[in-house]
Amino acid sequence: MALPQLNVYRHERGTRALITLAGEIDLATAPLVRTALAECQSDGIRSIDVDLTAVTFCDVSGLNTFLLAYRFATEADRTLRLHHPPQSMTRVIEITGSRFLLHSFPAADVRPRGIPVAAGGTP
């Protein structure tokens, strides 16, 4: 059985950092994410953006890692934002009431349920 893989890349400019993740975030790889986020905070990074474009899977241990990092960042008057999560992860974030983690979401995702969308894209 192959071990899940996750690549973690960190790019920084001043007090901002971009963490790019590629692969699977699960019980085996969540510690890599936790370490990368903790190092940003200990290095004085004030704003952490996490690009999830290349993430193929994220389980509850990954979500928990982001929730804890968000809490620590908020308590230290810093920011943590997730960008471009896969659709399956977006759904879990919505179900758990954790949308505050996301930097932005498509307009269709923020529309109250039950309001139809016209052909032009507006309700």
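What we have here is a predicted model, with residues numbered from 1 along each chain as its sequence is written. Local features need pLDDT of at least 70, side-chain atom pairs count only at pLDDT 80 or more, totals for chains, interfaces and linings use all residues, and side-chain values use heavy atoms, with hydrogens and water left out.

So, the overview. The chain has four helices and four strands. Those are DSSP runs, numbered from the N terminus: H or I with at least four residues for helices, E with at least two for strands. Going along the sequence, you read β-β-α-β-α-β-α-α. Of the 123 residues, 36% count as buried. Buried means under 20% relative accessible area, exposed means over 50%, and partly exposed is in between, with a 1.4 Å probe and protein chains only. Now contacts, meaning heavy atoms within 4.5 Å: among those between residues at least 6 apart in sequence, 62% join residues at least 24 apart.

Okay, back to α1. This helix runs over residues 30–42, 13 residues in total, and reaches 18 Å from its first C-alpha to its last. That is close to the 18 Å expected at 1.5 Å a residue, where the expected span is 1.5 Å times one less than the number of residues. Its buried residues are Ala-30, Val-33, Ala-36, Leu-37, Cys-40 and Gln-41. Why do they sit on the same side of α1? Because they cover an arc of only 135° around the axis, the arc being that of the directions from the helix axis to the C-beta atoms.

After α1 comes Gly-44, with a positive phi near 85°.

Let's look at the strands. β1 and β2 pair in the antiparallel sense over eight bridges; to count as paired, two strands need at least two bridges found by DSSP. Tyr-9, for instance, stands opposite Thr-20 in β2. The hairpin of these strands has two residues between them, and Gly-14 there takes a positive phi near 65°. β2 also pairs with β3, this time in the parallel sense, over nine bridges.

Now for the inside. The largest nonpolar core has 24 residues. By that I mean a set of buried Ala, Val, Leu, Ile, Met, Phe, Trp, Tyr and Cys residues joined through side-chain atoms within 4.5 Å. Which of them touch the most other members? They are Leu-21, Ile-25, Leu-37, Val-50, Leu-52, Phe-66 and Leu-82. β2, α1, β3, α2, β4 and α3 (87–95) each supply at least two residues of this core, and the largest share, five residues, comes from β3. Take Phe-66: leaving aside neighbours within four places in sequence, its contacts include Leu-21, Val-33, Leu-37, Leu-82, Met-89 and Leu-101.

On to the loop between β4 and α3, where you'll find both His-84 and Pro-85. Buried or exposed, what is Pro-85? Buried, because its relative accessibility is 18%. Not counting residues up to four places away in sequence, Pro-85 touches Leu-52, Thr-90 and Leu-102. His-84 counts as exposed, at 56% relative accessibility, and has a positive phi near 55° without being a glycine. Asp-77, in the loop between α2 and β4, is also a non-glycine with positive phi, about 60°, and is exposed at 62%.

Last stop, α3. Met-89, Thr-90 and Ile-93 are buried; their arc is only 105° around the axis, which puts them on the same side of α3. On the other side, Gln-87, Ser-88 and Ile-95 are exposed. Just after α3, Gly-97 takes a positive phi of about 70°.
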